[in-house]
Amino acid sequence: MPTELWVKNGLVFTDEGFQEVNIKIIDERIDSLVKIQAEPLIEKTEAIIDASGCLVVPGFIDAHVHFNDPGRTEWEGMETGSKAAAIGGTTTIFDMPLNCSPSITNMKHLTRKKGYLSVLSSIDYALWGGMTADNLQNRSELAQMSEGIIAWKAFMSASGIEDFPCVSPNELKQAMQAAKEHDKILALHAEWEEEISRLTAYYKNRPRMNERKAFLASRPVSAEEKAVRYALELAAKYGTALHFVHISSAKVVELIEQAKKSGVDVTVETCPHYLIFDEEDFNKNGAIYKCAPPLRPRDEVEGLWDCLANGLIDTIGSDHSPCLYSMKSTDSIWDAWGGIQGVQFTWLAVMDEALERKIPLKYILPLGSSNVAQRFGIAGRKGRIQPGLDADLVLIRLDETTVADQKSFAFRNRYSPYEDREFFLKIKKTLLRGKVIYDDQAGVTKEKFGQSL
Ligand SMILES: [Zn+2]
């Protein structure tokens, strides 16, 4: 007997923009969108969620999280990470192949991770595979792995994780070819290693300079630019589909835009922290705001918003990358672990900021839904509110507020640059495949409904 559920009276984000429609859900999928009648017919048999006063948007897809499971569960873990994501309206994540331990660079580790995660997630998920200096030569292993992953990730600068060595400029050529051969996207952490390691050595050796400013100077936009320029040339040559993660500067986005126009198959992600915070937040507050690339000057933040408003950025990912608090409270900023913790607040923060800037949500929402689904080949299941797709929905009120107080943090280690920030909107419910997995009164369901895609 199929289960029927209606989400009624909401303002629903569809391909035609926001519409007043009722959503009929049969089991896990959206069955149909029905124009709201003046007097809605309510049959006794129907289960109904009343979305009056709410925006109803597609469940967010976050293509960039580090939940560190298995192996570094004390940093986060799938249980806590997916719970925090669900509270923030995210219904699908792609977990990165590093910061779990071991890193996902072979079949054995991939299979083990899949088995381990299978009962732990509140939301749906897919896994990234890692391409590193170590596994690049092993093409048969890569071929097998490519069947079980959403896409490839490689680093052009040191990752900070021992079993995830970055690829040299020369090795990147092989990575491009391998990704192309197995028909999977290659995502790059693009900073030019030679420049960064040279500048790091130089600035670490300037004891009278403010340490935080020295750290910022060690990872300039020029290092990002150089890496992106080089990777784009290779992608054009080898026909590889590229995805740049966490781009922090408009100048670099524009470089990517030019390549797109010349026919390179490339997309670009930025992260909420580059859209909200700037280098002064880091200078003032230190390690909790440390990430790579680092937070940039305010004019770069403004530049990224211009890019967003002009449709030059394809996706927004949280790059949720936590660690133990002790790893943030080091004596020297150079020793602090880099990574921003914020999966619970990604879309609250981005939507809030967009509303503040009077950028219509219809331009912003696809960056966390349909664009991601399209790019990573899951548009047949996820990313839109449309008949036939998974009923992953978020109910949002614009007339209520959310305060990111520490008590509300669902991720394991209770610190975040978003702490105490107020967002002028509130997520009321999150639905995953037709089930309410989060409700602002009842919290996240104990039962874990998340599945591997
Ligand atoms: Zn990352």
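**Strand pairing and domain contact**

Me: Which residue in E14 stands opposite Phe244?
Reply: The model is predicted, with local features needing pLDDT of at least 70 and side-chain atom pairs pLDDT 80 or more, while totals for chains, interfaces and linings use all residues. Residues are numbered from 1 along each chain as its sequence is written. Strand E13 (242-244) and strand E14 (266-270) pair in the parallel sense over three bridges, where strands are DSSP runs of E, at least two residues, numbered from the N terminus, and pairing requires at least two DSSP bridges. In E14, the residue opposite Phe244 is Val268.

Me: Which strands are at the edges of the open sheet of six strands?
Reply: The sheet has the order E10-E11-E12-E13-E14-E15, with parallel pairing. Two of its strands pair on one side only: E10 (129-130) and E15 (315-316).

Me: Which residue of E16 is the bridge partner of Val57?
Reply: E6 (55-58) runs parallel to E2 (11-14), joined by two bridges, with Val12 partnered by Val56. E6 also pairs with E16 (393-397), in the antiparallel sense over four bridges. There the partner of Val57 is Val394.

Me: Which element gives the most to the side of domain 1 that touches domain 2?
Reply: An automatic or database assignment gives domain 1 (4-56 + 389-406 + 420-444) and domain 2 (60-375). The contact (C-beta atoms, placed from the backbone, within 7 Å) takes 16 residues from domain 1 and 19 residues from domain 2. On the domain 1 side, the elements giving two or more residues are E3 (17-26), E19 (426-432) and E20 (435-439). With three residues, the most is given by E19.

Technical notes:
Contact = placed C-beta atoms within 7 Å.
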